[in-house]
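Q: I have a model open and want to learn how to read its features. Could we work through it one feature at a time?

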Amino acid sequence: MGEKKLYLYLNDTEYGKRFQRYLNINRHPKLRIEMVTERDDFWRGREHKVSENEYWLTDDIKGATDDRNDPTSLIVIDDHTDENRNRVSCRTKAKNMLIMILSIMALDLEATVEAGAPMRGIYGVYSPWGEEGSVFSALLSQRLSDYGKCLFINLQEFPLFYKDDTTEDCSLGEILFRIDSPGLESIVERSKKKYGAAERLPAVSHYRDLWDINADDMERFLNRLTDELGYKYVLVHFNDVREAVPMADLMNGVFFVNRSGKTDPSVRWKKYAATEKKEGQIIPVIMPRGWADWINELEKSEPECWLNDTEKKEFIDSIWNQGS
């Protein structure tokens, strides 16, 4: 099944932003969402619909009544639900609206509604400061693995908690060089390492390896990992904002990790992302007091033991709860 696209226009702009945020947090891996801010642009775009995989969601009842295009691709937020006419009630819970929308679009509900599990797909971690992002992504890789097969990719030149990186035969740069190879699966299988409950790819052997990979290359690579190689979750720890921002819309969420007491730089991130039209879904993370002590604890123990500490596990779960 190919990727489907949902264009979203709501007269209530504030509600539209909140609803788009919810859809992005719980985004189906085969669904791309694009917010349209102007009514005329929405209906003009629909008039020139070019693919059967394009759907249009709006609360503009008058526009929907006047619409003369294929009615099966138009979803209308109304006062009541009528699945036969693609009407979704605004009075129901957001989760129920999402289930109805996915049903209308013939997208597999299992990908989003597994009880208690985070949305399957690709997640990113970025921190402007450094070590706290390493700690958070390491712990998150183990927690995601509780829900399904997880692959961890660290784009840092000197990743923390990679105890056996000096023995690796293949670097991440060599794997990225073969993004379009039909043998990518065997290359990944040969190169991956056990990482507690998760799996991980090796680090780059030289920072210049990342210079040869553009955003389109990385997007194809990550999509192949989830589509063809069977990973339920792919977690990427970005080394640089120049890597993270172009990938924001591909991710189910980018965890923006900050240390307590520091000035919050997320406003600047949003400015960068808006300029590049890659706003995606930012999930803010403030590390708790005493997190720096976790570095020594993680370095001295094996990854499978990292979440034995109730404090660390509860911290990770609190981030999911705040983002849901």
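Q: Is phenylalanine 161 buried or exposed?

A: This is a predicted model. Buried means under 20% relative accessible area. Phenylalanine 161 has 8%, so it counts as buried. It sits in the loop between β7 (150-154) and α7.

Q: Which value does phi of alanine 106 take, and where is alanine 106 found?

A: Phi of alanine 106 is near 60 degrees, again positive in a residue other than glycine. Alanine 106 lies in the loop between α4 (94-104) and α5 (110-113). Exposed means over 50% relative accessible area. Alanine 106 has 51%, so it is exposed. Phenylalanine 161, by contrast, is buried.

Q: How do I read a helix for a buried face? Which residues of α8 are buried?

A: Begin with the geometry. An α-helix has 3.6 residues a turn, so residues three or four places apart point the same way. Now take helix α8, residues 184-191. Its buried residues are Leu184, Ile187, Val188 and Ser191. Seen down the axis of α8, they fall within an arc of 95 degrees, so they line one face of the helix.

Q: What do the buried residues of α8 pack against?

A: They pack against α7 (172-176), β8 (193-195) and α9 (215-227).

Q: Is lysine 312 buried or exposed?

A: Check the area, not the residue type. Lysine 312 has a relative accessible area of 3%, so it is buried. It belongs to helix α13, residues 310-323. Leave out residues up to four places away in sequence, and lysine 312 touches Leu139, Trp294, Glu297, Leu298, Trp306 and Leu307.

Q: How do I read the chain as a whole? Which radius of gyration does it have?

A: Compare it with the value for a compact globule. With 324 residues, that value would be near 20 Å; the chain has 21 Å, which agrees. Along its principal axes, the C-alpha trace spans about 65 × 45 × 35 Å. Buried residues make up 50% of the 324 residues.

Q: How many helices and strands are there, and what share of contacts join residues at least 24 apart?

A: The chain has 13 helices and 12 strands. Count contacts between residues at least 6 apart in sequence: 73% of them join residues at least 24 apart.

Q: What about the surface and the charges?

A: The chain exposes about 16,100 Å², and carbon and sulfur atoms supply 46% of that area. For charge, compare mean positions. Those of the 45 positive and 57 negative charges are 2 Å apart.

Conventions. Residues are numbered from 1 along each chain as its sequence is written. This is a predicted model: local features need pLDDT of at least 70, side-chain atom pairs count only at pLDDT 80 or more; totals for chains, interfaces and linings use all residues. Side-chain values use heavy atoms; hydrogens and water are left out. Helices (H or I, at least four residues) and strands (E, at least two) are DSSP runs, numbered from the N terminus. The radius of gyration is taken over C-alpha atoms; the globule rule is 2.2 Å times the number of residues to the power 0.38. Buried means under 20% relative accessible area, exposed over 50%, partly exposed in between (1.4 Å probe, protein chains only). Contact means heavy atoms within 4.5 Å. Accessible areas come from the Shrake-Rupley method with a 1.4 Å probe; for residues, only the protein chains shown count as cover. Lys and Arg count as positive and Asp and Glu as negative; His and the chain ends are not counted. The place of a charge is taken as NZ of Lys, CZ of Arg, CG of Asp or CD of Glu. The arc is that of the directions from the helix axis to the C-beta atoms.
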